[in-house]
Amino acid sequence: MTRVAAGGRIDRNTELAFTFDGKAYRGYAGDTLASALLANGVHQVATSICYGRPRGIMAAGVEDANALVQIETPFPEPMLTATTVELYDGLVARGLQGQGRLADLPDQARYDAMHEHCDVLVVGAGPSGLMSALTAARAGARVVLLDDQPELGGSLLASRNQLAEWVSAVTSELNSLATVRVLRRTTAFGYYDDGFVLALEKRTDHLGAAAPPAAARQRIWRIRARQVILATGAHERPVVFADNDRPGIMLAGAGRAYLNRYGVLGGNRVVVFTTNDSAYTAALDLADAGAAVTVVDARTEIPQHPAAECARRGVALKAGHVVTGTSGNGRVTGAHIAPYADGKAGARQGIGCDLLLVSGGWNPTVHLFSQARGKLRYDESLGAFVPGSSVKAVRVAGSAAGVFTLSGCLSGAADAAVAALQELGLSSAPPALPSLDAEPETTPGLVLWAVPDKGDESGPCRRFVDFQRDSTVADILRATGAGLTSVEHVKRYTTIGTAHDQGKTSGMIASGIMAEALSTDKHQVEVASLGTTTFRPPYASVAFAALAGRDRGEIFDPVRVTEIHPWHLEHGAVFENVGQWKRPRYYPQRSAAGSIEDIDTAVLRECRTTRESVGMMDGSTLGKINVQGSDAGEFLDRLYTNLMSTLKPGFIRYGAMCGMDGMIIDDGTVARVSDTEFVLTTTTGNAAMILDWMEEFAQTEWPELRVNLTSVTEQWVTIALVGPRSRDVLASVAAELDLSNEAFGFMTWRDASVAGIEARICRISFSGELAYELNVNAWDGLALWEALIEAGKPYGITPYGTETMHVLRAEKGYPIIGQDTDGTVTPQDLGMGWVVSKKKLDFIGKRSFSRAENQRPDRKQLVGLLPVDRTVLLDEGAQVLATADLSQLPVPMLGHVTSSYRSAALDGTFALALVRAGRERIGQRLHAWQDGELVSVTVTDPVLYDKEGARRDG
Amino acid sequence: MADPRARRSPLAGWAPQLQALNGAIRAQELPFLTQLNLRLDSGGPAADPVAKVLGVSLPTVPCTSVGSGVYEVLWLGPDEWLILAPAGSAPELMIALREAIGSEHAAVTDVSAQRTTVQLSGPGARELLAKGCAIDLHPAASPEGSCVQTLLAQTGIIIVVRDGTATDFLLLVRSSFAEYFAAWLVDASVELTEPA
Amino acid sequence: MQLIRCPWCGSREEVEFHYGGQAHVSYPENPAELSDAEWARYVFFRANPRGPLAERWVHAAGCRRWFNAVRDTSTHELLAVYRIGEPQPEVAR
């Protein structure tokens with residue numbers, strides 16, 4: 001056991017049992033998996049992805065690039081770092097070799113999202129973040145403070161209770177304020193536009209199997225902040241040397257955190273290799289805990305204060321030395337040290353050790369700042385990039401801003417908050433700074449990326465830059481040797497920075513090594529000019545389940561339904577998705593024996609019944625737009641290809657709309673209600689688009705027209721009652737209405753009571769049969785539907801779905817915009833020149849019709865196709881060829897099949913197609929290519945049923 | 001008229017699940033309310049007569065609503081309002097409004113069935129909406145009388161703020177989206193209705 | 001998630017809006033008088049600068065009003081929003 005007798009922030013009264021790599025261990029509440037493993041003397045937790053080398057724990061936080069684990073219980077989860085997994089009772093995990101395993105069972109946990117708004121968002125609750133949040137909170141601002149740890153304090157948690165009382169007092173004050181939301185275990189992983197920050201809160205992960213099932217396990221916070229303060233701290237940077245990847249080699253700050261926060265002494269014989277002052281705190285703390293410590297400092301001049309403190313404790317100090325390599329079989333057993341001068345390492349000697357702490361300085365955590373489009377500046381003395389520009393409404397405080405004294409962090413953080421409050425118009429009195437012990441003056445560190453190595457780079461002594469990718473100094477040199485000079489190219493060539501840690505410890509070093517490699521005697525390449533790779537979100541790994549949130553299962557996407565939907569469900573309808581709508585496709589019948597009709601049989605039956613007697617369909621999904629105003633007619637004249645202003649109240653006209661390019665975009669009916677009111681219909685899928693399109697013209701191009709548009713799609717339930725007996729059915733429930741052709745002719749509408757429900761009845765037909773379209777207030781829709789079903793029973797009425805609707809309309813050659821057209825088809829191409837007004841001076845699309853391209857005789861035109869073998873159903877989308885000779889490649893294509901069905905009325909299959917110069921080819925034999933075979937077809941007029949329109953009036 | 005008992009509101013099937021919500025959240029459909037869409041120049045001569053009919057002036061501040069006791073008038077656009085009125089009053093109110101408007105350029109459209117109305121209340125109401133809505137409904141940002149047209153999860157919605165503590169809202173959702181909305185709402189309320 | 005300021009409703013998330021292309025390209029007075037080339041220029045050709053561009057937007061999920069905005073196409077920053085009928089404001093890039 002390496003747990004020290006006392007101290008740390010763990011709860012020694014709460015023991016937790018866990019299993020790692022099949023062995024049972026115990027830890028304490030407050031441990032991470034990493035600290036608990038170290039406490040049990042487990043240093044090797046993973047294996048490297050390419051070379052299979054043993055790997056340990058190198059950090060104490062999210063920056064760890066090594067300690068990848070797979071959680072097995074309570075739920076399999078791959079690719080977590082042991083340093084970010086809070087220990088819980090019953091945790092079962094194992095170390096990984098670079099890749100984990102996704103669960104093969106569904107995740108039962110909830111993941112959700114929450115929007116939050118605040119005046120000031122503070123990211124990071126270390127000393128700086130706490131100070132900023134406190135300042136803002138006391139000024140009355142709405143504050144969100146978030147931090148990835150389970151308790152606030154940040155870097156102070158790794159200290160020997162430094163400012164502990166202050167942290168605790170600030171924490172309770174912030175928790176007590178209604179205007180402040182403190183989010184722990186929460187990582188801000190992306191900064192987007194306009195103060196929008198996404199953060200992942202791990203809400204119940206730390207409870208393991210004890211997590212309440214109803215509570216969302218993880219939550220994405222969508223935070224919109226007016227001002228943002230980034231107090232994200234800094235990541236310690238290692239120094240690269242040969243065999244720097246053994247278990248037992250970790251960052252100096254991590255060694256200190258494990259001791260002070262988790263009560264774990266990582267080793268008894270400790271070598272601390274540093275280039276700067278910061279690692280001395282670790283050396284001194286570990287020495288005070290009883291370890292034998294040797295400090296190896298690359299600098300020849302050691303500042304007086306740390307030198308004296310080392311001497312006082314008997315800590316050996318090797319100034320002007322570096323670690324050049326390590327030994328060990330698994331865990332580190334020794335460090336090779338050598339004098340270092342003029343960038344060269346001298347003769348090496350070995351020191352035995354079981355823990356090697358490394359510090360090459362600190363990289364400010366500038367990820368979010370950079371994502372906020374902040375420019376970075378290379379700081380030569382830090383050997384790191386720091387915020388180098390100002391970004392609107394974003395401030396950086398503390399070590400994230402390159403400030404590395406506690407007093408500087410605290411006062412700077414208060415200043416940042418005051419400035420943010422000022423922009424919000426809030427006055428503030430910054431709280432008093434906590435009193436601090438005098439901080440020793442810091443002396444500049446030495447910037448050292450990699451210890452030079454004389455050895456064979458390709459041999460077993462590798463100098464690792466990115467542990468997770470097993471990428472080495474040699475890989476970088478190979479990249480620069482191949483002529484790569486951009487950090488982005490080298491990143492992709494070497495894969496450095498592309499693993500789960502996204503190069504938090506390796507990216508800066510890679511830039512530094514590159515700069516040295518690219519420099520020659522004549523030309524010095526600066527790190528500043530090389531820059532860094534782009535800091536893209538997410539800052540830390542985020543599970544896709546969290547991003548999906550509640551948009552899964554039944555509420556993955558809205559399902560729009562009509563008021564008659566419950567009936568469709570009850571009667572076994574098979575549904576089809578039309579946009580977000582669920583529409584009945586057909587209604588299979590169940591035989592007495594229990595067998596269910598297939599789609600072909602059901603549709604043939606529905607078609608036959610409708611053509612021979614009567615059928616009905618729920619057409620409520622059609623878009624409906626109410627148009628009012630004294631210029632309504634003029635407005636519609638400008639948008640439709642035909643004349644609408646001449647329509648008389650009580651009458652209905654079919655209309656088509658084109659885009660500016662003359663291509664048809666929608667069609668429907670227009671009913672005139674009064675001199676100043678029309679109701680028009682759009683295709684189901686285009687309802688919103690057409691309303692936007694019409695509004696754009698009304699609001700932007702012709703604001704002088706007195707016209708108003710209102711969507712009434714869902715105001716009305718629309719039922720099509722279709723077939724030769726539809727008049728009889730309607731007559732039985734609308735006794736007061738004269739349904740004779742003379743009194744109620746085709747393309748007119750009447751208001752009447754139907755089965756006691758007020759209805760607007762339109763005599764329109766999308767099947768060629770006598771038909772009525774009944775529109776009622778949606779609340780009454782289901783009652784009307786049921787009344788019509790009842791009234792139709794004597795006639796064997798059938799409900800029918802979209803499939804039958806398609807067959808019936810296609811038999812009549814009626815195109816469906818969006819199925820038989822694709823945005824390149826004019827009304828003339830559809831054979832609908834009759835819908836294009838010759839009288840109107842102008843309308844949208846008119847000028848395009850006379851463009852040469854649209855006058856070509858060989859444009860694709862809508863025709864009918866009859867397979868020679870009338871049992872063969874053509875594939876929709878099948879290519880239409882002029883010749884059966886396939887020897888001459890490429891075979892010229894004439895067009896494609898747009899609609900294809902089996903028809904009861906036509907006693908066989910048929911299709912609609914867009915074919916070059918199709919109307920000239922009527923009567924010709926062409927060929928369709930499908931399933932690797934040619935199907936011979938005859939070109940026909942698209943109208944295949946009741947050409948003379950005899951059935952329309954019943 | 002049809003037998004009113006045969007009428008079916010968009011959330012009729014969801015009534016038991018909405019009723020079952022308790023604790024921090026209460027939700028119920030207010031079915032069959034009269035809803036009229038009004039398009040009018042608020043500075044024109046018809047504005048005053050219309051105000052007389054409604055007993056209240058049309059709100060001209062964007063994203064607000066005003067109530068007269070009988071009617072609730074929601075700002076939908078610079079020349080567009082939604083008038084909420086007691087169930088069954090659409091025909092008379094439409095006639096009264098059209099008379100008040102006379103020959104002025106305007107439009108009155110019955111859209112009573114276009115959307116359904118849900119009252120959402122309780123101390124957890126704001127948090128519930130925050131799960132799917134990007135609008136800041138904190139009383140400081142959305143005081144009583146606020147009325148926003150926006151998105152909730154994946155549906156359009158009109159949110160009317162009915163008190164100053166963000167515990168009482170009217171939500172209007174397109175009828176075809178109502179079942180999705182109810183499913184979302186019941187799902188989102190899981191943590192808020194669980195006993196603490 | 002960018003915010004777009006609707007001239008009526010104020011700042012809202014960009015998902016509430018639909019894009020309408022370049023603004024101030026009015027429908028020709030008399031299309032019939034235009035040559036094919038002139039008409040094609042109106043129908044198919046739009047400016048595509050790097051920098052400020054006046055565009056039409058509609059607050060589709062809100063008040064359904066169309067409005068104009070000047071957007072810097074290289075940063076997406078909305079430099080100005082203004083109502084239909086108002087002149088295009090001068091913007092500092």
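**Exercise 1. Describe the fold of chain C: how many helices and strands does the secondary structure come to, and in which pattern along the sequence?**

Step 1. Chain C comes to one helix and six strands. Helices (H or I, at least four residues) and strands (E, at least two) are DSSP runs, numbered from the N terminus.

Step 2. Along the sequence the pattern reads β-β-β-α-β-β-β.

Step 3. Note the basis. This is a predicted model: local features need pLDDT of at least 70, side-chain atom pairs count only at pLDDT 80 or more, and totals for chains, interfaces and linings use all residues. Residues are numbered from 1 along each chain as its sequence is written, chains are lettered from A and ligands numbered from 1 in the order in which they are written, and side-chain values use heavy atoms, with hydrogens and water left out.

**Exercise 2. State the box, burial and charge of chain C.**

Step 1. Along the principal axes, the C-alpha atoms of chain C fill a box of roughly 40 × 30 × 25 Å.

Step 2. Of the 93 residues in chain C, 45% are buried (under 20% relative accessible area, 1.4 Å probe, protein chains only).

Step 3. Count charges, with Lys and Arg as positive, Asp and Glu as negative, and His and the chain ends not counted. Chain C has 11 positive and 12 negative side chains. The centres of the two sets lie 5 Å apart.

**Exercise 3. Characterise the domain pair in chain B.**

Step 1. Domain 1 covers 14-31 + 114-189, and domain 2 covers 34-110. The bounds come from an automatic or database domain assignment.

Step 2. The C-alpha centres of the two domains of chain B lie 24 Å apart.

Step 3. Contact (heavy atoms within 4.5 Å) joins 12 residues of domain 1 to 10 residues of domain 2 in chain B.

Step 4. The two domains of chain B bury about 880 Å² between them, 55% of it on carbon and sulfur atoms. Buried area is the accessible area (1.4 Å probe) that two parts lose on being put together, summed over both.

Step 5. B:Arg115, B:Cys147 and B:Gln149 supply 45% of the area on the domain 1 side, more than any other three residues.

**Exercise 4. Work through the two interfaces of chain A.**

Step 1. Start with chain B. The contact takes 49 residues from chain B and 49 residues from chain A. About 4200 Å² is buried, with 48% from carbon and sulfur atoms. B:Arg8, B:His105 and B:Ser176 lose the most area in chain B, together 16% of what that side buries.

Step 2. Turn to chain C. Here 25 residues of chain A are in contact with 26 residues of chain C. The buried area is about 2300 Å², with 46% from carbon and sulfur atoms. A:Met660, A:Gln699 and A:Arg847 supply 27% of the chain A side, more than any other three residues.

Note on methods:
Buried means under 20% relative accessible area, exposed over 50%, partly exposed in between (1.4 Å probe, protein chains only). The place of a charge is taken as NZ of Lys, CZ of Arg, CG of Asp or CD of Glu.
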